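Have the structure open as you read.

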Amino acid sequence: MSNTIRLSLIIATLVSSLSAENQYTLKPINVTASQGTTLNKKDVTDSVTVITKEAIEEARVTTLTEALNKLGGLSMTQTGGAGQSSSMFVRGMSSQRILVLIDGVRYNDPTLPGATAQFTQVILSNVEQIEIIKGAQSGIWGADATGAVINIVTSKAKKGLHGTIGAEYGSFNSKKTSLQASYATDKYDILVGGNYYNIDGFSAVEPKKSEAQYGKRYDELGLEKDNYLNKSFNTKLGLNITEKDRVEFNLQATNSDIDSDSFAGLAGDSSVPNTILQNRFYNLNYKHKGTLNQISVNYNLSTFDRDFTYAGFTAPTLVTYKGSVNEVKLDDKINYKKDSFLRIGGSYQKFKQENITPNTTKNYNATSAFATNYNKVSLFSGLHTIITESARYDSYDNFNNSLTGKFGIKQFINKDYYVSTNIGTGYNPPTLSQLYGQYGANPNLQPEKSRTMDFTFGNDTVWITGFYNEITDLIEYDSSYNYVQVSGKSKFKGIEIGYEDFLFDYVGVGATYTYVKTENAQGQELARRPKNQLDVKATYYVNDSIDLGINAHYIGERYDGTDKSGAQTGKYTIANFVTNVKVNKHLTLYAKVDNITDKYYQTVDGYATAERSGYLGLVVKY
């Protein structure tokens with residue numbers, strides 16, 4: 001680690017000043033997922049966090065999990081190191097209630113028990129921005145969007161010929177390379193890219209807190225390393241048929257090999273469990289821009305192929321999971337007056353899992369109609385008032401039909417400060433594996449229903465939000481290893497406080513604090529959600545070529561089991577350091593150190609986290 005820091009300081013003394021854009025540069029930020037169309041962040045009523053490309057590049061985060069945790073302020077748990085399963089919590093709402101999209105294509109895996117997204121598998125080299133829209137969004141996006149929507153916006157080709165090459169090497173024999181190339185004219189555009197990420201890693205499991213060996217790492221205990229390999233590919237093709245008509249084809253492909261362990265704790269260490277993933281995300285769309293309206297026709301396809309080998313009782317056993325989500329969607333945005341529009345449309349979705357039990361395939365379909373009305377008006381002394389209303393009707397072939405909605409209003413009380421409130425309802429059907437799978441299936445499960453509310457006061461620099469969420473008839477995996485429906489209401493409430501500013505023309509600072517109180521229908525506190533979380537970041541711009549950054553987060557009291565049972569896995573602080581050096585307009589060198597205090601901690605009892613680790617990298621842009 002000392003060599004890493006020494007090298008970065010030597011480099012820093014050799015370069016000259018260059019103009020550069022940073023994550024704190026004041027420029028308009030657009031949000032594409034809030035109302036299903038692109039709006040300026042100032043014109044959105046929702047509580048939104050946007051992680052920009054500049055922030056991703058300055059922090060040098062590799063995966064979606066890292067970005068959401070280090071830059072998005074979300075609470076995270078993970079069962080080991082790189083590539084291992086992770087869970088996110090938005091205002092206490094878990095991953096299975098968060099819809100994840102890549103350029104509008106569903107990323108949630110229907111073959112997983114909660115149809116959760118595989119956050120650790122998304123490499124960020126081609127990501128332009130990440131949008132976190134909090135609160136129930138089913139009125140716009142339908143199923144699974146009961147707690148939040150996370151939309152990943154990938155890079156687009158810019159006019160002319162451009163290319164980016166990245167390389168990184170670091171601790172645990174980590175090797176990462178990436179390549180992006182694009183070419184665009186007025187008539188057509190093409191972008192292609194790929195990533196290779198390989199890391200020897202460390203043992204996914206370590207001793208539980210109740211075990212005598214707790215506190216010792218894998219190398220002290222002689223545990224085997226769990227390797228991770230990710231090879232991904234992306235492409236975007238676009239053709240402007242006329243000035244008003246455009247067609248696009250997008251593809252995101254991920255191939256991963258993941259070594260894991262059998263179960264938590266020292267006895268769970270094993271060389272047998274491994275997973276091979278082949279996930280594909282396709283989008284074909286046609287857009288027509290008229291004088292008063294914009295028509296969009298989309299065909300989206302998500303496919304998931306997961307081969308899992310586990311120890312078995314007598315010999316290693318292979319289980320194959322295959323699933324898909326097909327979606328056809330038509331919508332029309334009608335601009336009926338200045339700063340006002342009506343978005344109407346419909347969609348057909350088919351969720352499918354093959355061989356859910358031997359030689360059995362299950363699926364269900366949903367046909368939907370939706371509408372969103374948006375108005376930006378000046379009602380009080382020229383100050384803007386923004387009002388949104390959304391409604392969606394989903395007709396399922398094997399569940400009760402659902403009507404969900406959302407209402408939001410944002411009132412500016414002067415040029416900068418505003419108050420806003422949002423109310424939304426959500427609908428979360430049980431997954432195919434929960435209904436029909438081999439492990440704990442319950443065909444009698446019915447969809448969860450949710451309601452969320454929030455109120456915000458603030459501006460672009462400082463804000464405070466109070467929120468209240470509830471889920472009716474929560475679906476849980478109980479102590480008898482079966483999926484059950486918990487009748488009654490589970491409640492999530494708390495506050496968020498945020499601050500972000502650029503001080504003295506050379507220091508960027510930001511902080512978010514979240515307090516969450518959760519309880520299920522029996523009044524018991526839910527597992528793995530910290531009551532208190534504080535995230536801070538600061539970047540010192542030595543000059544236009546060199547920046548030094550630190551980000552840290554504090555996790556308060558958190559228990560591994562319901563009702564404060566199991567191990568206490570909170571009460572720790574993790575800090576990370578990064579420096580970027582722009583040698584010239586084409587070449588940037590960087591160094592980073594994660595967990596700079598070498599803190600020992602676990603986010604899930606019996607599963608390991610990384611010790612202090614260092615990385616060196618470079619990025620070449622043309």
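Predicted model: local features only at pLDDT ≥ 70, side-chain atom pairs only at ≥ 80, totals over all residues.

If you skip its neighbours within four places in sequence, I51 is in contact with I56, A67, L68, L71, G72, Q129, I130 and I132. I51 also belongs to the largest nonpolar core, a set of 30 residues, where I51, L68, L124, I130 and I150 touch the most other members.

Which elements give two or more residues to this core? There are helices and strands on the list, laid out here:

| Element | Residues |
|---|---|
| α2 | 53-59 |
| α3 | 64-70 |
| β6 | 98-102 |
| β8 | 127-134 |
| β9 | 148-154 |

Five strands make up an open sheet with mixed pairing, and they run in the order β3-β8-β9-β6-β7. The edges go to β3 (48-52) and β7 (105-106); each has a single partner strand, so one side of each is left without a neighbour in the sheet. For β3, look at how it pairs with β8: the two are antiparallel, with five bridges. Within that pairing, V50 has E131 in β8 as its bridge partner.

Finally, hop over to G523. With a relative accessible area of 44%, G523 counts as partly exposed. From T37, G523 is 486 residues away along the chain, and their C-alpha atoms are separated by 39 Å.

Conventions:
Residues numbered from 1 in each chain as written. Heavy atoms only, no water. Buried < 20%, exposed > 50% of the residue type's maximum accessible area, 1.4 Å probe, protein only. Core = buried A, V, L, I, M, F, W, Y, C linked by side-chain atoms within 4.5 Å. Helix = DSSP H or I, 4+ residues; strand = E, 2+ residues; numbered from the N terminus. Contact = heavy atoms within 4.5 Å. Pairing = 2+ DSSP bridges.
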